[in-house]
Amino acid sequence: MRNSRFNGAWRNQPFVTYTLLVITIGMFVLETTMGGSTSTKVLVTLGARFNPYIVLFDQWWRLVTPIFLHIGIVHLLVNMMSLWWLGRITETVFGHWRFLTIYLISGIVGNIGGMIFDGANTVGAGASTSLFGLLGAFLMLGDNFRHNPAINAAVRQFVIIVVINLVFDLTQPTIDIAGHIAGLIGGFLIAGAVGSPRVGTIAPAKRVLMGVLLVVVPVAMFLIDGSRIL
């Protein structure tokens with residue numbers, strides 16, 4: 001009986017969020033020991049997004065690794081505080097593996113957006129693409145479960161956060177706004193595709209459609225402005 005209670009309590013803990021925090025902070029420590037988190041050489045060596053390496057040398061894993069790298073201590077602290085708050089809520093609502101899927105896929109879609117719309121030689125890093133994906137996941141809940149009072153209350157708060165962040169992005173020329181918007185869209189779509197059984201049921205046809213759009217959106221982004229990749 002004790003083991004059953006322990007296992008149940010453990011399953012309800014947001015351990016994926018805690019693991020992501022540990023990995024990301026660990027990578028920042030590694031950045032620091034290798035020469036500093038603001039060093040372009042260190043960032044590129046550890047896997048920052050860099051178009052020439054992605055396209056010319058097929059290093060497509062660079063669409064994932066930037067999620068765990070940060071440029072400067074302020075960048076790290078802001079994103080880790082956001083992950084601590086958003087991650088625990090999202091993991092509780094969606095469950096462990098769905099949360100991880102949303103986090104990673106949003107980050108990848110966001111990095112594709114950054115790769116396409118940022119300058120060809122831009123070095124990109126940060127968990128913001130994934131964090132915007134978590135916001136997108138809650139917007140998806142608001143769209144599909146709009147008659148749920150608790151969901152509506154939470155979504156209103158998330159909408160305010162999204163608007164504030166996007167307005168802030170517009171005032172900061174160094175911010176990867178394309179990556180943030182792409183991550184937001186990616187989070188909305190992947191959250192719909194994997195569903196949220198803890199909240200309610202999404203029609204299978206709608207889940208399939210959102211999964212298809214998740215593939216179509218990056219292709220559309222490339223067709224719109226793919227010439228800037230190199």
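Ground rule for burial before anything else: I call a residue buried under 20% relative accessible area, exposed over 50%, and partly exposed in between (1.4 Å probe, protein chains only). This is a predicted model, so local features need pLDDT of at least 70 and side-chain atom pairs count only at pLDDT 80 or more, while totals for chains, interfaces and linings use all residues. Residues are numbered from 1 along each chain as its sequence is written, and side-chain values use heavy atoms, with hydrogens and water left out.

**Entry: salt bridges**

My criterion is a side-chain nitrogen of Lys or Arg within 4 Å of a carboxyl oxygen of Asp or Glu. That gives four salt bridges. Helices (H or I, at least four residues) and strands (E, at least two) are DSSP runs, numbered from the N terminus.

I looked up Arg49 first. Its salt bridge with Asp118 has the closest N and O atoms 2.9 Å apart. This pair links distant parts of the chain, with Arg49 in strand S1 (residues 49-50) and Asp118 in the loop between H6 and strand S2 (123-124), 69 residues apart. Buried or exposed, Arg49 and Asp118? Both are buried.

Arg49 also meets Asp176 in a salt bridge, at 3.5 Å from N to O. Since Asp176 sits in the loop between helix H8 (149-170) and H9 while Arg49 is in strand S1, the pair ties together parts that are 127 residues apart in sequence. Asp176 is buried, as is Arg49. I note the three as one network of salt bridges: Arg49, Asp118 and Asp176.

Next I checked Asp143 and Lys206, whose side chains form a salt bridge at 3.5 Å, N to O. Here the partners are 63 residues apart, Asp143 in helix H7 (residues 128-144) and Lys206 in helix H10 (residues 204-225). Asp143 is partly exposed at 27% relative accessibility, and Lys206 is partly exposed at 33%.

**Entry: aromatic rings**

A pair of rings is described by the distance of the centres and the angle of the planes. I count rings of Phe, Tyr and Trp (its six-membered ring) as paired if their centres lie within 6.5 Å; planes under 30 degrees apart are stacked, over 60 edge-to-face, and the rest tilted. The structure has four aromatic pairs.

Why is the pair of Phe50 and Tyr53 edge-to-face? Because the planes stand at 85°, with the ring centres 5.1 Å apart. Phe50 is buried at 16% relative accessible area, whereas Tyr53 is partly exposed at 32%. Phe99 and Tyr103 form a tilted pair, 6.1 Å centre to centre and 45° between the planes. They are four residues apart in helix H6 (residues 96-117), so about one helical turn separates them. Phe99 has a relative accessible area of 0% and is buried; Tyr103 is also at 0% and buried. I also found that ring pairs link Phe50, Tyr53 and Phe57 into a cluster.

**Entry: helix H5**

The 22 residues of H5 should span 32 Å, and the end C-alpha atoms are 30 Å apart, which agrees. I did find a kink of about 25° in H5, centred on Leu86; the bend at a residue is the angle between axes fitted to the seven residues ending there and the seven starting there. Leu86 is among the buried residues of H5, which also include Leu76, Met80, Leu83 and Phe94.

Ile73 lies in H5 (residues 73-94) and is partly exposed, at 45% relative accessibility.

Most residues other than glycine have a negative phi. I logged Asp58 for its positive phi, near 55°. Asp58 is in the loop between helix H4 (51-56) and H5, and is exposed at 54% relative accessible area.

How many residues lie between Ile185 and Gly136 in terms of sequence spacing, and where are they in space? They are 49 residues apart in sequence and 6.2 Å apart in space, C-alpha to C-alpha. Ile185 belongs to helix H9 (residues 177-194) and is partly exposed, at 38% relative accessible area.

Technical notes: Expected span 1.5 Å × (residues − 1).
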